[in-house]
Amino acid sequence: MKILNQIRGDFLGGVVSSIVALPQALAFGVATGLGAGAGVWSAIILCLIAGVLGGVLVSGPTGPVTIILTSMILTNSFDLQMIVTVMALAAIFQIIIGLTPMPGIVKYVPYPVISGFMNGVGVLLILLQLNPLAGQRGLASPIEGIKSLFTLPVDYSALALGFLTLIIVFFTPKKINRIFPSQIIALIIGTIVSVKIGAEVPRISEISFNFPEFVVPVLNLKTIFDCIPFALVLAIIASSESLLTSLVVDSLTKSKTPPKRVLTAQGIGNFFCALTGSLFGSAATMRSAAAINAGATTRLVTVINPLILLAVLICFSEFAKQIPLCVLAGILIKIGYDIIDTKLLKVIKYAPKDDLYVLAVVFFLTVFYNLIFAVGAGITLAALLYAKRVADKTSLGVKTIQDDEIDELEKQLFKVYNYQVRVVHIDGQFFFGSATQLVAQFEEQLGTKFLILNYESGDLLDISAVFALEDIIIRLQSQRIRVMLVIKNENLRTQLKDLNIVSQVGEDNIFYSEYDAVDEAKNRIRNKFLPEEKN
């Protein structure tokens, strides 16, 4: 009985998720310029392969991935072989990422970068659909698209159908939407109305049941290297969305899907999509959640879903050819709206300024310049701002060592040698962001004879900090100041030894305890023992 209930739940989940997937797959395929068939075949191939290998995740073309793909397609002037090469390479990168610990790194991408990108993608998706909504040819640039709305003639039949679609997708009651998604309602009603009134509007020109033809990627080494930047971004965006969907599904099913398995399965599925000229995709949150809420519990749902889509291609391909592009544009505008991060927008006035800077930069670069550059710029800016915050908290704490026994000796020697013992604590993180500031602060420490540098953190130093430390030591030694290091962490001591910092200071000037270093400095002053300074 339990097995029968599982099968029933998976069947219902497959039906519901396919109803959600169909209009989106058609719309995304048309939006990229590869055709509606490329979108539907992507939903079939990727869902089947990634689902069977990866888990209860309904996959296919999605908004963010499609926008990246569209940008790449326009850059390569619809050269199918180049497009396939980029997608195949991106799929290989996904598989590689899935075989490494890297899936865990995705969670460290700052939220403002993700939010800025998602908001940018949502707005970009809306702007790019304004022309098809008005019966005009779709344009690659949102600015050009807005200009053409005022310069090119508007097809009022298409515009009316587009507004009808928007009314349906935005205002269908939630009770009905849960049972029968508004997007499929809009697709059916919009198509039937357009046929009944004889509207001469642009429609899906071709959607075929025939299996897509095999496309061989470009195997030229130079071309492959040229494709790497696009492929990396495509792989990262698709992987991030898949992992996010996996987290949502795990929270709904109270289970734990290994992220490595998810990405490996997605990569294999996308590789087959690439070789067939179908769209690159990812696990889809909306479709996966719809399937689970309908009762799906096993991977069987990822087999039923593509079978239903395949049946649609066989039985309803003639109907699908009649779908107006303005109706698909209305559906995509709703998808773009759903992508926008309204949660952050509600609290944006309370967000830290640094986060707002990152969000704004990523958003505007995504919409008006380049999605690939936007992601890289956002991550870089977020990292630099974080480094600045950490560096600002890093400071030097200076203590002058006083000792009654040597006080008189210091007074006698002060006029000639200016003897003084100081301990300098580095509070905070000593890394590339704080190293430059600390080097400048050490100018104030000149004039002492023994300077004990106490670095209490257990973190290893990055190469910038190592060079900065070496610079500090050289500066102090040039002033005939003996540098002593207090390093408690064995790994850090090993690192400094391997990088010749220990030899620069001298083995006899490395200590585990600050007290030992101070005592040694005192003893040297008491004994009037000042070893020859290193050059």
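Trainee: Which residues is Leu187 in contact with, leaving aside its neighbours within four places in sequence?
Mentor: Keep in mind that this is a predicted model. Leu187 is in contact with Pro23, Leu26, Ile323, Val327, Leu328 and Ile331.

Trainee: And how many residues does the largest nonpolar core have?
Mentor: That core has 79 residues. Leu187 and Leu26 are among those with the most contacts inside it, along with Leu69, Met72, Met87, Leu234 and Phe280.

Trainee: Which helix gives the most to this core?
Mentor: Helix 2, residues 36-54, which supplies ten residues. There is also a second, separate core of 21 residues, including Ile472, Leu485, Leu492 and Leu496.

Trainee: Switching to Gln24: buried or exposed?
Mentor: Buried, because its relative accessibility is 5%, under the 20% cut-off. Gln24 sits in helix 1, residues 2-32.

Trainee: What does its side chain make a polar contact with?
Mentor: The side chain of Gln183, at 3.2 Å. Beyond its neighbours within four places in sequence, Gln24 is also in contact with Met286, Arg287 and Ile335.

Trainee: Now the surface. Which residues make the nonpolar patch?
Mentor: Ile179, Phe180, Ile188, Ile192, Phe316 and Phe319 make a patch of about 550 Å². Helix 10 (182-196) and helix 14 (301-321) each supply at least two of the patch residues.

Trainee: Where is Phe180, then?
Mentor: In the loop between helix 9 (174-179) and helix 10.

Methods. Residues numbered from 1 in each chain as written. Predicted model: local features only at pLDDT ≥ 70, side-chain atom pairs only at ≥ 80, totals over all residues. Heavy atoms only, no water. Patch = residues over 30% accessible without salt bridge, like charges linked within 9 Å, V, L, I, M, F, W, Y side chains within 5 Å. Areas by Shrake-Rupley, 256 points an atom, 1.4 Å probe, with all protein chains shown as cover. Salt bridge = Lys/Arg side-chain N within 4 Å of Asp/Glu carboxyl O. Helix = DSSP H or I, 4+ residues; strand = E, 2+ residues; numbered from the N terminus. Core = buried A, V, L, I, M, F, W, Y, C linked by side-chain atoms within 4.5 Å. Buried < 20%, exposed > 50% of the residue type's maximum accessible area, 1.4 Å probe, protein only. Contact = heavy atoms within 4.5 Å. Polar contact = N/O pair within 3.5 Å; in protein donor to acceptor, adjacent residues only side chain to side chain.
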